[in-house]
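Colleague: I am new to this structure and would like to know what stands behind the terms used for it. Please show it to me first.

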There are 2 protein chains.
Amino acid sequence: MSKASNPLIRHLEQFGSVSDEEKRLLDGLLNRIEEVGRDQDLVGYGEQPSDCKLILEGFACRYKIVEGGKRQIMSLQIPGDICDLQGFLLGRMDHAIGTLTPCRVALIPHTAILDLTDTHPRLGRALWRGTLIDAAVFREWMVGIGRRSAATRVAHLLCEIKLRLEAVGLTEDDSFDLPITQAELGDALGLSTVHINRTLQELSGTGLIVIRGAKITIRDWQGLKRKGDFDPSYLHQGRRSDIERHLSRGHAPSQSDAL
Amino acid sequence: MSKASNPLIRHLEQFGSVSDEEKRLLDGLLNRIEEVGRDQDLVGYGEQPSDCKLILEGFACRYKIVEGGKRQIMSLQIPGDICDLQGFLLGRMDHAIGTLTPCRVALIPHTAILDLTDTHPRLGRALWRGTLIDAAVFREWMVGIGRRSAATRVAHLLCEIKLRLEAVGLTEDDSFDLPITQAELGDALGLSTVHINRTLQELSGTGLIVIRGAKITIRDWQGLKRKGDFDPSYLHQGRRSDIERHLSRGHAPSQSDAL
DNA sequence: CGCACAATTGAAGCAGCTCAAAATAAGTGG
DNA sequence: CCACTTATTTTGAGCTGCTTCAATTGTGCG
């Protein structure tokens, strides 16, 4: 696998430079690739996986089922995401990860990650940073579910997805594919399917977005951001901490914050 | 500061053994101590702190204010918690951390943590693990806010707080002090103050808990757990991953999972 | 073509909200 | 230790954003 197409490297380079040696090591991790169908668990609740899953293609989600059978989707995982480093350090899964579409995933043994983080603390911190961003997204979702109206929540999620997909090259202009059902959207936002449907109509009706099948086009980015009370800083895109700059001089990540 | 009383060491030992040399290093981190009053920001939104805060005494919380002025509290930070490792690797704060009571906190410079994680990858992973547990708690709160009823949410939170306080020795029998207002509880659970009040009365009325001022006594632990749909596994208390066992043989953390 | 799933619409219900005011408790200065 | 002020808890009552239930329409696909 060539450097350029290794999504793990691209992922880590968002936050700091990656040396050639590090790249070589990272390339070595992606040898076991699997295809998984839609609506399958990549990792089940309570499991103790022995490898991490890196999503190469497709959409997945973290979710939990509560008493009464309701489901809460806690995050959307898109290509480039390592979706269970959690299992690496915590052992037993306290939630499940399931596919929303057919997926292609790379399996990375925990032992390989352990070796890597032992010998290359900087890479360890880079992975760590990724999990901190995951946590920032959890927090933002919590804020939305707890304190924002349905319309604001939906708008906010669309803004987030747009930026995240853009970062991995999965948008064209102001459009992107969001191949998930309204029921799934509801489970992610803590809303009923019916209300998701009505809310999407509202957002379409006011000219903020256009929906055609699974394709979503953002007609009025500023308006959607306003509607969604959206401040992208929690995604920590295209930024490095002082600490990381202090470590790796010379490289500057491409900034694209003109949002 | 003696080893036994260093809450950072106690915190890390929950998940894996800490060598004597590591303990010495960790002791060296706790030299700057500060007292902070109630309702003060330990770290403000958008700041770029240069040190982490370890809470020695008192309660704090992560929070965010949304458009319209509503507040969502995203986590409760209790003694022993390092409450912004986030800032270490991500630089700019995407939320604020404020005190709920007067607090005593230790300030740990980012540079010290950087050195530590560079030279002692195992300690780095231990800190990382802590942030992953934080994330697990975020997820669980999200599930509650999104999919559980008010009474279930309140009961769940009480269960969680009980276990977390117990782990740092801040409970006596089935009682603990929870010196936060009902308004703050509401901000944490995405509920109104009025509804929190009525829900607490419901939980008292059915004999699950007793409230006397800031002191909460759990009368019926099993019942409260049932009411709160509470499964403590997300707290990852008293457990180590295979990976960590693989690394440090010989030591076994005390297990106390008879819950 | 027809099945199965997904989106849409209508209508009624309710969990939790808001507003407003009263009752307690917790400070605080004298 | 009291009198006064301020914060918190508690209660009542009306309201609403979202849910639930149930049915209809659309759509992808073997």
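Modeller: In this predicted model, D229(B) is found in the loop between α9 (221-227) and α10 (242-247) of chain B.

Colleague: Why is D229(B) called partly exposed?

Modeller: D229(B) has 19 other C-beta atoms within 10 Å. Buried requires 20 or more and exposed 12 or fewer, so D229(B) counts as partly exposed.

Colleague: What is phi of D229(B)?

Modeller: Phi is about 50°, a positive value, although D229(B) is not a glycine. Most residues other than glycine have a negative phi.

Colleague: Where is D173(B) found, and what is its phi?

Modeller: D173(B) is in the loop between β8 (171-172) and β9 (175-177) of chain B. Its phi is near 55°, again positive in a residue other than glycine.

Colleague: What makes D173(B) count as exposed?

Modeller: D173(B) has 7 C-beta neighbours inside 10 Å. The limit for exposed is 12 or fewer, therefore D173(B) counts as exposed.

Colleague: How many residues of chain A and chain B are in contact?

Modeller: 48 residues of chain A are in contact with 48 of chain B. On the chain A side, α5(A) gives the most, with 18 residues. That side divides into 18 nonpolar, 14 polar and 16 charged residues.

Notes. Residues are numbered from 1 along each chain as its sequence is written. Chains are lettered from A and ligands numbered from 1 in the order in which they are written. This is a predicted model: local features need pLDDT of at least 70, side-chain atom pairs count only at pLDDT 80 or more; totals for chains, interfaces and linings use all residues. Two residues are in contact if their C-beta atoms, placed from the backbone, lie within 7 Å. Helices (H or I, at least four residues) and strands (E, at least two) are DSSP runs, numbered from the N terminus. Ala, Val, Leu, Ile, Met, Phe, Trp, Tyr, Cys and Pro count as nonpolar, Asp, Glu, Lys and Arg as charged, and the others, Gly among them, as polar.
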